[in-house]
Amino acid sequence: MTRYVFVTGGVVSSLGKGIAAASLGAILEARGLRVSMVKLDPYINVDPGTMSPFQHGEVFVTDDGTETDLDLGHYERFVRTTTGRHSNFTTGRIYERVIAKERRGDYLGATVQVIPHITDEIKRSIMLGAGNADVCMVEIGGTVGDIESLPFLEAIRQLGVELGRNACVYMHLTLVPTVGASEIKTKPTQHSVKELRGIGIQPDILLCRAKDPLPDEQRRKIALFTNVDERAVISAVEVDDIYKIPQALHAQKLDEIVVERLGLQAKPVDLAEWDRVVQANAHPECSVDIAMVGKYMQNRDSYISLNEALKHAGIQSRTRVNIHYIESTDLETKGDACLQGMDAVLVPGGFGERGIEGKIQAVRFAREQGVPYLGICLGMQVAIIEFGRHVLGMKDAHSTEFNRDSGHPVVAMITEWQDQGRGLQTRSDASDMGGTMRLGAQDVNLVAGTTARTLYGADVIRERHRHRYEFNNNFFERFEQGGLKFSGLSPDGLVEIVELPSHPWFVATQFHPEFKSTPRDGHPLFTGFIRAARKAREAKAAS
């Protein structure tokens, strides 16, 4: 029988429930247990696919093409699990399913209510996400006291009653602030637990987010006022590397408490892989400066998987990666002076016309100056536009997303340059916003003798997509004859990877490789990119 660890939060949001849940999952996995991860989000959007990156941050895409909360990225980076459509449920999706059942008559004319119909659907969704794991980590978004979270909290309370308390652990993350120089305040945690107990949930474990490890006196006080065992009052302190958190939680015996509480048989913990990750990150051999030219730099969470993928590449190559965040609109107004001295340039994905010319300018700089370049999704499309304009002489080369009147629509929706679609995976309802997207993991055939083929070491790879527009294959021969190499193609002939053989290192992909990068394994494209940046830096130093 699957056991459950329910992770809730109180006092304030953004305390790190996702990282805490993923880190505990990593330790339990290191004890030989099968771990699954589920995120419950209280917002009414059906999924985060149409939410603004400025407000919500990154949309993480799973293998099966589900657009999910960014916390699922943390889950996959910490735990060797593959999340999917049963790993992330929102209020909107839960209500959508309940209303669909009501319209079909599944409730036989009963009055549909939050209890039991909504809570039953939440419980059913949690069990779907759990699969056949030994332990399912279930994170509830928001904070205790939010009106939006109440149905989710009621559902996990009911599961504790139905499955038995030895099958469930409730872990509550709270804030223990320090006022002034050293006055530690436990009252916010006390009130947060009081709110949770008012709903009917007694926490088994408290993770106390604090500036420094809690002194014994404060731990005893918190335990007394919250009815939690003193040893289960765990300090969650600030660290300079999130991949140290599994070690920090294990040192306080968090996994031992959970295993005992759930009555699990587990092996002794083996955190050797995480020790290697932490050591490699703490002791780099050199550093590189990477210019990330994007459109959503006001919210760094918009590129969280990219940031982590670059960090992973640094871990794999023993390199300190310094990321310089550059707004693409600044290049349009101030020129490319901010790119001078950079060891490499990365242009990530994005939607909409704003900042496109700045991205094109960044590509031109990297191409003409021989600076290593990695383009991702829109970063590949602007590389194609730039090459068409400045190498092939197509002055008006553009994407139909931004200019439908271009005489050279080198990037366009497939329906704009083909009479028929080609069996591509899209969202189920093409009338919805995003309905024409190519989503999820799909095969990519690599061309022998190319940089991509060398990096991956395989003829066929599988990578995740999230985009609408494709390279227009009507221009295929003209670009190839002009010197651009198409090194990766989908099984039905769509361009997936482009390279410049005449350039020291110039690779751009239509897919999003950052979604499959992990700290323990890295990702071949990012590791190759950082190694190219190191080589460029060493060459500059030698000259």
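Buried residues make up 58% of the 543 residues in this protein. Buried here is under 20% relative accessible area, exposed is over 50%, and partly exposed is in between, with a 1.4 Å probe and protein chains only. A caveat on the source: this is a predicted model, where local features need pLDDT of at least 70, side-chain atom pairs count only at pLDDT 80 or more, and totals for chains, interfaces and linings use all residues. Residues are numbered from 1 along each chain as its sequence is written, and side-chain values use heavy atoms, without hydrogens and water.

Now the overall fold. We have 19 helices and 23 strands. These are DSSP runs numbered from the N terminus: helices are H or I with at least four residues, strands are E with at least two. The radius of gyration is 25 Å, close to the 24 Å from the globule rule for 543 residues, so the protein is as compact as a globular protein of that length. That radius is taken over C-alpha atoms, and the rule is 2.2 Å times the number of residues to the power 0.38. The C-alpha trace spans about 75 × 65 × 45 Å along its principal axes.

Next, contacts, meaning heavy atoms within 4.5 Å. Of those with a separation of 6 or more, 73% join residues 24 or more positions apart.

Last, the surface. Val114 lies in helix H5. Val114 is partly exposed, at 36% relative accessible area.
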